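Student: I am new to this structure and would like a close look at a single part of it, followed by how that part sits among the rest. Could you take me through it slowly?

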Amino acid sequence: MMRDIWLVPALPLAGAVLLGLLGGKIPARLAAVIGASSVGLAAALAIRIALLWFAAPPPGDAFLLPLWTWITLPKFSAVVGLLIDPVSLVLILVISVIGFFIHLFSAEYMEGENGYARYFAYLNLFVASMLLLVLANDLLVMFVGWEGVGVCSYLLVGFWFEEENNGEAAQKSFIVTRVADIAMLIGILILALRFGTLDISTVLHGAVSAWPPGSFWPAVVAGLLLVGGLGKSAQVPLQTWLPDAMAGPTPVSALIHAATMVTAGVYLVVRLHVLFLLAPAVLHGIALGAALTVLLAACAGLVQSDIKRVLAYSTMGQIGYMFLGLGVGAWGAAMFHLASHAIFKALLFLSSGAVSMRLHHEQNIFAMGGLRTKLPLAFAAFLVGALCLAAVPVVGCGFFSKEFLLGAVWAQNPLLWGVGILGAFLTGVYIFRAVFTVFFGASVDVSGAYGVRVILPLTVLALAALGFGWLQTPDFLGGANIFSNVLAPALGGAATDASWPVALIGMAAPLAGIGLAYALHQNGFWRRQGAASPGLFVRFLQGGMGFDALYRAIFVKPFLWTVRVLKDDPVDQVFQLLQRAAVGLHKRLREEQNGKLRRYAGWMMAGSLATILAVVFS
Amino acid sequence: MSLCLLLAIPLLGGCLAWPADRLHPHLPRIISLLALAATLAVALPMLHGTSFWLADFSVPWIPAFGMSFHLGLDGMSWLLTVLTIVLGMFSIVVSWRENVEKIGFFHANLMWSLAGTIGVFLALDLFLFFYFWELMLVPMVFIIAIWGHEDRRIAAIKFFLFTQGSGLLILIGILGLAFLHQRATGVLTFGYFALLGHEPGGAAGFLIMLGLFIAFVVKLAAFPAHVWLPVTHTQAPTAGSVILASILLKTGAYGLLRFVVPLFPTASHTLAPIALWLGVASIFYGAVLAYGQNDFKRLIAYTSISHMGFVLIGVFVCNALAWQGVVFLLIAHGVSTGALFIIVGALQQRLHTRELSRMGGLWGDLPKLSSFGAFFVLAAMGLPGLGNFVGEFLILRGAYGAAPLITILAAIGLVPAALYSLIAIQRAFHGPVREARAIADFGWRENAMMLALAAAIIWLGVYPQPVLDVAAPSISAMGVTP
Amino acid sequence: MIVSWQAPASLALILFLLGLAALLARRNLVFVLMSVEIMLNAAGLLFIAAGMRWGTPDGQIMFIAVLNLAGAELAVGLILLLRLRGRLTTLDGDAAVLLRDSS
Amino acid sequence: MIQAAPLAVQGIFVAVLLAAVAIRRSAPLAAAVTGVGFVAALCTIPAAMHGAAIAGEQFDLSGATYGFWAVILSVGFLLSVMGSGYWRGAKNLPAEEFFILLLVATLGACVLAAAKDVLFLFLGLETMTLAMIGMIAYPRHRPEAAEAGIKYLILSAMSSAFLLFGFGLLELATGSLGLADVLAAPNTPMAVAGLAMVGVAAGFKLSVVPFHIWVPDVYAGAPAPSGAFLAVVPKLAVLAVILRATGLPGAALAPGALHVVSVVAALSMLAGNLLALQQQNVKRILGFSSIAHLGYLLVAILAAGEVGRVAVVFYAVTYALTMVAAFGVLAVLSNAGAARDAETIADLRGLFWSRPGLAAVMTLALLSLAGMPPAIGFIAKMYIFAAGVHQELWWLVGTMIASSVIGLFYYLSMILAMAQRQAPAPAAAGMQAGGRLVLGVVSLAVLVLGVAPEPLIALVKAMLG
C-alpha cells in the first residue's frame with residue numbers, strides 16, 4: 001500500500017496533462033470534475049496511507065520508494081524517489097486535502113471564466129509539483145518540485161492575462177523567487193560537489209560526519225539554502241512579491257500563497273534541520289529575520305485596504321512565526337503552526353473569496369460593510385479564520401499552534417518571544433479591523449447565493465480550524481501531544497511548555513488587539529482611515545516599507561539601463577566599423593580608376609620605378 | 001559502409017527533390033522526408049555496436065596530403081547525427097503548408113545542408129571535417145538569401161562572411177598542425193587519431209589552437225563572436241532558423257569538444273580562463289540583449305547566445321560531468337529552440353509580423369500556440385524537470401569544482417534567463433490584446449510536431465540517463481578527467 | 001671610330017626616359033604611340049650596345065625583332081586610333097574614357 | 001622534332017585557316033577549323049612527351065611545358081567553341097578573323113610558355129599580345145572595345161619596353177640571351193635593375209599591384225570570349241616562364257627582391273578584393289578578382305618548394321577553369337551584336353529563376369573563385385594555404401585570410417543578385433549550343449575535381465616531375 005504513494009503526485013499530474021491536452025475540447029463541468037477528482041483521489045489515497053502508517057509505522061519510521069535513476073555519472077548521481085516520513089506525511093495530507101477543497105471551491109468560484117480548463121490544469125500541476133516537493137528524497141528532485149510550484153504560481157497569478165498588472169505581478173513573483181532559487185541552487189551545487197549525490201539522508205549523514213558544528217561550510221550551504229526558502233516563503237528581505245501575487249484568483253491565493261507553496265521554505269529547513277543545526281549562526285539569522293518579518297507584516301497589515309493584501313501580509317507574518325520557531329530549533333512547533341495555518345488561512349482566503357464573489361470581485365474592505373447578515377456563511381467562516389489567525393484562546397487551531405510555538409521561543413529567547421507577542425497583538429488588531437469593516441456597520445448590496453461547492457469547503461475547513469488545534473494542547477488544556485508524537489521520530493521530542501504567566505500574556509495579547517480594533521471600529525477610525533488619502537508614513541507602510549522602491553533603484557533600474565545601452569549590440573557596431581573601413585578603402589581605390597590613359601601610364605610608371613628602386617636598393 | 005549512406009541518402013534526396021517540383025509541388029517534401037526517414041532508419045540501429053567506435057569507414061582521398069575520407073561514429077556523434085536528422089524532418093514538416101517558391105531547390109538546399117552537418121559530425125579526418133564544415137554553409141546561405149525575410153541579403157552576407165572567414169582559421173590551423181606533425185614524425189596526415197596525442201608545443205601549438213577556437217566560437221556564436229547570429233536567425237525562413245539554431249550552432253561546440261580540447265590539451269588549458277570568462281560574458285550579454293529585443297525571433301536568437309555561454313563554460317572546465325552536460329544541453333537546446341523557432345514562424349505566418357509590440361494577448365486567440373510557446377520558453381529558461389535543466393545542472397556541477405566563481409556567476413545568469421523568458425511570454429501571449437485579429441490556432445500537424453518536441457524535452461528532463469549512457473564512452477575517451 | 005658600349009647604352013637610357021616622359025606628357029594618342037615607339041627603340045639600342053660589348057650578333061638580332069614589333073604595334077595602334085577617332089571624334093587620350101569607375 | 005609538334009600543328013592550322021577564310025568566308029567553318037586545330041595540337045602532346053628529351057637552347061620541352069601547353073590549348077579550344085556561339089549573335093560582323101587571332105594568340109602563348117631564350121620569349125609574348133589586342137578590339141561597333149584595345153596596346157607596349165630594356169641590361173651584364181644565364185646574372189646594380197624591369201613586365205602581364213590599373217577597363221571593354229582569353233592565357237604562359245625560372249639552379253632571388261614580391265602579393269590580394277567590393281560590372285569584378293587571385297598565386301610562388309610548385313600549377317588550372325566558366329556565362333548571356341555584353345550585376349539579377357542552369361554554373365564558378373566547396377577552388381585555395389603554412393609565410397597567409405573574407409562579400413553579392421526573386425530581364429541571347437557545351441564541361445570539371453582532386457594533383461606532380 002505504501003508503494004502506491006507514487007499515485008499521490010501522479011494523479012494530479014495526470015489530471016493536469018489530461019486537462020492540458022483536451023483543454024478546450026471538453027465541457028467546463030467535466031474539466032472541473034477531472035481537476036477536483038484527481039486531487040480528491042490523491043487526498044483519499046494520502047489519508048489511507050496515513051491511516052496505515054499510524055496503524056503500523058514502517059521500520060525506521062520512513063519509507064522510501066525509489067522510482068527510477070535520474071542521473072548516474074561517475075561523480076554524481078541522482079535517483080528519483082519518494083520518501084514518506086512523518087514530516088512529508090503531514091504535508092501531503094495538508095496539501096491534498098486542503099487542495100481538494102480549494103479545487104472544489106474553485107469549481108464554483110471560477111465558473112464562467114475563460115480558460116476554466118486551463119485553470120484546473122495549472123492548479124492540478126501545482127498540486128502535483130507541491131507533492132513532489134515534499135515527497136522528494138533527493139534535493140535535485142525537490143528542486144524540480146520547487147521550481148514547478150514557482151512556475152504554477154507564476155501562471156496562476158497571471159491567470160487573467162489580459163490585465164497588464166497581473167502579468168507584472170506574476171513576473172515579479174517568479175523573478176524574486178528565482179533569485180532566491182539560484183542561491184539555493186548554488187548551495188545544492190556545493191553539496192553535490194562535496195557528497196557526490198543529493199540524496200537527502202546521505203547528504204545529512206555526510207554533513208554530520210564531515211563538518212563540525214559551527215564550521216564554515218555548513219553555514220555557507222545552510223545560508224544559501226535558506227535564501228531559497230526565504231524567497232519561496234516571502235520572508236524579509238525577499239517578501240516583496242507576495243502582496244502583488246494577490247492579483248491571481250482568490251482560490252489560488254488560498255492554495256498557493258497561503259496554505260502550501262509559501263510554506264515550502266519552512267519545510268526545507270525542517271527537512272534539512274540536521275544541516276541547519278550545524279550552522280547555529282544561520283539559525284540565529286533565521287530567528288532575527290523572522291522577527292523582522294513578523295513586525296513588518298503586522299505593521300503593513302494594519303494599513304491595507306485590499307482584503308487579500310491584508311491576508312497576504314498576515315501570511316507573511318504567520319510564516320514569520322514559523323521561521324521564528326525554526327530559528328530556535330522548534331521544528332515540531334513550526335510544523336504544527338504550518339499545518340494549522342494552512343487550514344485557517346485557506347479558510348480566510350476562501351471566505352474572502354466567497355465575499356468578493358458576491359460583490360463583483362470587489363476586494364476593497366472599505367467598499368464593503370455589514371455583510372454579517374447578508375452573507376452569514378462567509379461571515380462565520382471568516383470569523384473562525386480570523387479568530388484562529390489572531391490566536392484567540394481556545395477557539396481555534398491558531399491559538400494552539402502559536403501557543404506551542406511561542407512557548408518554545410520563550411524557552412530559547414525571551415526577547416524574540418516579546419516580538420512574537422507584539423506581533424500577535426498587532427495581528428489581532430489588523431485582522432479584526434478587516435472583520436469589523438467588512439461585516440459590520442452599514443451594509444452594501446449583494447446578489448446571488450452560494451452553491452454546495454462553496455458551502456462544503458467553507459464548512460469543512462471551518463470545522464477543521466476549530467478542531468485541529470486539539471491535537472496538540474498546552475498542559476493546562478490537557479497536554480495532548482498527538483501531533484508532536486507523530487513527528488517525533490523525524491524531529492525529536494516535543495518542546496517544553498511555557499510557564500503559565502507566559503501563556504497568559506500570550507493569550508492576552510490578541511484579545512487586547514481585538515479590543516483595540518473594536519474600539520477603533522466603534523469610533524469610526526477605520527472608516528476614516530479608508531476614506532482619507534494616506535499620509536507619507538501610511539503609504540510607506542502600505543508599500544511594504546520601501547523594499548519595492550529600494551529594489552527598483554538598485555536592481556531594476558540598472559538592469560533596464562543596461563538593456564537600453566546594449567540594445568543595439570555594441571559588438572555589432574564594432575564589426576560594422578570594419579565594414580565601413582573596407583568600403584572607404586574601396587571608394588578611395590576606385591577613385592584611381594578614372595579611365596584616363598595618362599593616369600594609368602603614370603601609375604604604371606610610378607609602380608615600376610618604385611619596384612625597380614626597391615629591388616635595386618634592397 | 002552505412003556511414004556513407006548517412007551522407008549519401010540526404011545528398012541524393014536533395015538531388016532528387018530539386019527537379020521533383022515540376023511533377024507535383026508536394027513531391028520535394030515527400031522525397032526529402034522519406035530520405036531523412038531512411039537516413040534515420042540507417043542511423044538508429046547503428047547504436048548497437050560492440051566497440052566504442054560504433055562504425056568506421058576510411059578510404060584515401062587526397063593521398064598527396066595524407067588526407068583520407070575517414071568517417072567514424074561514436075556515441076556523441078550518433079546523438080548529434082540523430083538530432084540533425086530528426087530536426088531536419090521537423091524543419092521540412094514545418095513549412096509544409098507554406099507557399100514556397102522553387103520548392104524543389106529549397107528542399108535540395110535543406111537536404112544538402114543537413115548532409116554537410118552530418119558529415120561534420122562524422123568526419124575523423126581534419127581536412128574532411130573542414131570540407132564538410134564549409135560545405136554545410138553554402139546551401140544554408142542560399143536558404144537564407146532566397147527564402148529569408150526582408151533583410152535576407154544582409155543576413156546571408158553576414159552569415160557567410162563570419163563563418164567562412166573564421167573557417168579559414170580552421171584551415172590554417174589544421175594545415176599547421178599537420179605540417180608540425182610531419183616535421184616531428186615524418187608522416188603527413190590529417191587523421192584525427194594520428195594527430196591525437198601529438199600536441200605541438202610552444203607558441204605554434206597555442207596559435208593553432210587559438211585559430212580553431214576562434215572559428216568554433218564564431219560558429220557557437222558566443223560573445224563577442226555572436227554578431228552574425230541575431231540577424232541570421234531573424235531573417236532565415238522558419239526551416240532555416242530551426243536548422244541554424246538547433247543544429248548548426250552545435251557544430252561549433254562539437255568542434256571544441258572533438259578537436260580543440262583533445263588535440264591541444266595543454267594549450268586549451270592555458271586558454272581556459274579566457275574561454276570561461278567569455279562564457280560568462282555570453283550568458284549575461286545574450287540574456288540582457290534578449291530582454292531588450294522587440295523582434296521575437298531576435299529575442300530567441302539572443303537567448304541562444306546566452307545558452308551557448310553555458311556550453312563554452314562546460315567545454316573548458318574539461319571534466320566528464322561538464323562535458324556530459326554540454327552534450328546534453330546541445331540536444332535539449334536543439335529541441336527547445338527548434339520548437340521556439342517553429343512557434344515564432346507560425347506566429348509570423350499568421351500575424352505577418354515578428355514584433356512583440358504588435359502581439360500581446362495571443363493566449364485568447366491562440367491558446368494552443370501560446371501554451372506551447374510558454375512551455376518551450378520555460379524549457380529554454382532551464383525549468384527543472386525539462387531537458388535543458390539537466391544539461392545546465394551538469395555543466396554547473398562539473399564546473400563548480402574547477403571554477404567556483406565562474407560557476408556562481410553562470411548560475412546567477414539564470415536570473416536574467418528568467419527575465420527574458422517571462423518578458424517574452426508577457427509581451428507575446430499575455431497582456432492586453434493590442435490588435436484585433438482573426439487567426440487560426442495550431443492545426444493537427446503543428447500540434448503533433450509540438451507534442452513530439454514537448455514529449456522529447458520532458459523525456460530528456462525526467463529520464464536523461466539513456467542519453468548520458470550513449471555519450472559516456474565518447475567523453476571518457478576524450479581524455480578529460482572523469 | 002671606336003665607340004665604347006657605354007655611349008649607346010647611355011643614349012638608350014636617355015631615350016627610354018624621354019619616351020616615358022613623353023608618354024606622361026602628351027595627351028594626343030598619336031604622340032603617345034610615338035613615345036612608346038621611342039621606348040621600344042631605346043631598348044633596341046640597348047641590345048645593340050650589349051652586342052657591342054660582348055661582340056655577339058645577338059643584340060642585332062634582337063634589334064631586328066624589336067623593330068618588327070614596333071612596326072606591328074604601330075600598325076595596330078594606328079588602326080585602332082582611326083576607329084576611335086571615327087567613334088569619339090577625338091584623339092585625346094584623356095577624353096577616351098568610356099571605360100572608367102570614377103569621373 | 002616530334003617534341004615540338006604541338007607548336008607545328010598550330011602553325012599549320014594558322015595557315016590552313018588563313019587559306020580557308022580566303023577561299024570561303026564562313027564563321028562556323030573558321031570556328032570548326034580552329035577547334036580541330038586545337039584538338040589536333042592537344043592530341044600530339046602525348047606523342048611529343050614520349051619523344052626523346054632534347055636539350056634545346058630555345059625551348060624547354062619538359063613535362064611542365066607540356067602541361068601548360070595542354071591547359072592553354074584546352075582553354076583555346078573551349079574559347080573557340082564558345083566564340084562560335086558568341087559571334088553568331090553579331091549579324092553584320094564577320095567573325096572569321098577572331099578565330100585566326102585566337103589561334104595565333106594561343107600559338108604565341110605556347111611559344112612563350114616554352115621559351116628558354118629571350119628572343120623566343122619576346123616573340124611569343126608579342127605574338128600573343130598583338131593578336132590579343134585584335135581580339136579585344138574585335139567588335140568594331142563598340143567604341144569601348146576600341147578604347148580597351150588602345151589602352152591595352154599602349155600599356156602593354158610600355159611594359160614590353162620595360163621587358164626589353166631589362167633584358168638589354170641583362171645582356172649587357174652577362175652577354176647572353178639564354179634565360180638561364182640571364183637569371184644567374186651577377187649581383188651588379190645593372191643586372192639587378194634589368195631583372196627588376198623584367199619583373200615589372202611580368203607583373204604587368206600577371207596584372208598584380210601596382211601594375212593592375214589597366215585591368216578593369218580592358219576586361220570591361222573586351223567581348224566576353226576575349227576577356228576570358230585575356231584573363232587566363234597570358235597569365236598561364238607567364239606563370240610557366242616564372243615557374244621555369246624559379247626552378248632553375250642558382251636562380252634564387254635575393255631576400256630584398258623576395259620582400260618586394262611579398263609586398264606585391266599582399267597588395268594584390270588586398271587591393272584586388274577591395275576594388276571589387278561594391279563594383280557593379282561583372283567583368284570588372286572578374287578583373288579585380290583576377291588581381292587578387294594572382295596575388296594568391298604569388299604566395300605559392302614565394303613558398304616555392306615542391307608543395308608550392310604543385311600549388312602554383314594546381315591553382316593556375318583551377319583559375320583557368322573557373323574564369324572560363326565565369327566569362328562563359330557572360331558570353332552565353334550576351335549578344336555580340338548588341339552595344340554591350342550582359343556584364344552588369346543587374347543583368348544577372350533573377351537568373352536563378354529565368355535560367356537556372358546558367359545560374360548554377362555561375363554560382364559554381366563564383367564559389368570556386370571564393371574557395372568554397374564543392375568547387376575545385378576550395379582545394380586550390382587549400383593548396384596555397386598549405387604552401388604558405390608549410391613555408392611559414394605567416395604575414396602573407398594572414399593577408400590572404402583577410403582579403404579572402406573581403407572577397408567573399410562580392411562573390412556572394414553576385415550569387416545573391418542571381419537569387420533575387422524578381423521579374424528577370426529577358427535574356428538577350430538565344431541558343432548558344434557551343435557556349436553551353438563549354439559551360440557544361442567546365443563546370444563538371446570544377447565540381448568533380450573539387451570533390452576528388454587527386455587525379456589532377458597526381459597529373460600535376462607527374463608533369464613537374
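Tutor: In this predicted model, strand β1 of chain B, residues 55-62, pairs with β2(B) in the antiparallel sense, and seven bridges join the two. One place to look along this pairing is Val59(B), which stands opposite Phe69(B) in β2(B). The two strands form a hairpin with four residues between them, and in the turn you will find Gly66(B), whose phi is positive, at about 65°. Strand β2 of chain B, which covers residues 67-73, is mostly covered, with five of its seven residues buried.

From the hairpin we can turn to the other chains. Chain B does not touch chain C, and the nearest C-alpha atoms of these two chains are 24 Å apart. Five pairs of chains are in contact, and of these it is chains C and D that share the most contacts.

Chain C contains three helices and zero strands, so that, read from the N terminus on, its elements run α-α-α. Its radius of gyration is 17 Å, well over the 13 Å that the globule rule gives for 103 residues, and chain C is therefore more spread out than a compact globule. The C-alpha trace of chain C spans about 50 × 25 × 25 Å along its principal axes, and 42% of the 103 residues of the chain count as buried. If we take the contacts in chain C between residues at least 6 apart in sequence, 49% of them join residues at least 24 apart. As for confidence, chain C has a mean pLDDT of 87, with 97% of its residues at 70 or more, while the model scores ipTM 0.90 and pTM 0.92.

Chain D also meets chain A, where 28 residues of chain D are in contact with 23 residues of chain A. On the side of chain D that touches chain A, at least two residues each are supplied by α6 (143-174), α8 (189-206), α9 (215-221) and α11 (255-276) of chain D. The residues of that side divide into 22 nonpolar, four polar and two charged.

Chain A itself is divided into domain 1, residues 279-532, and domain 2, residues 568-616. The centres of domain 1 and domain 2 of chain A, taken over C-alpha atoms, are separated by 82 Å.

Methods:
Residues numbered from 1 in each chain as written. Chains lettered and ligands numbered in written order. Predicted model: local features only at pLDDT ≥ 70, side-chain atom pairs only at ≥ 80, totals over all residues. Contact = placed C-beta atoms within 7 Å. Nonpolar A, V, L, I, M, F, W, Y, C, P; charged D, E, K, R; others polar. Domains from an automatic or database assignment. pLDDT = per-residue confidence, 0-100. Buried ≥ 20, exposed ≤ 12 C-beta atoms within 10 Å, placed from the backbone. Pairing = 2+ DSSP bridges. Rg over C-alpha atoms; globule rule 2.2 N^0.38 Å.
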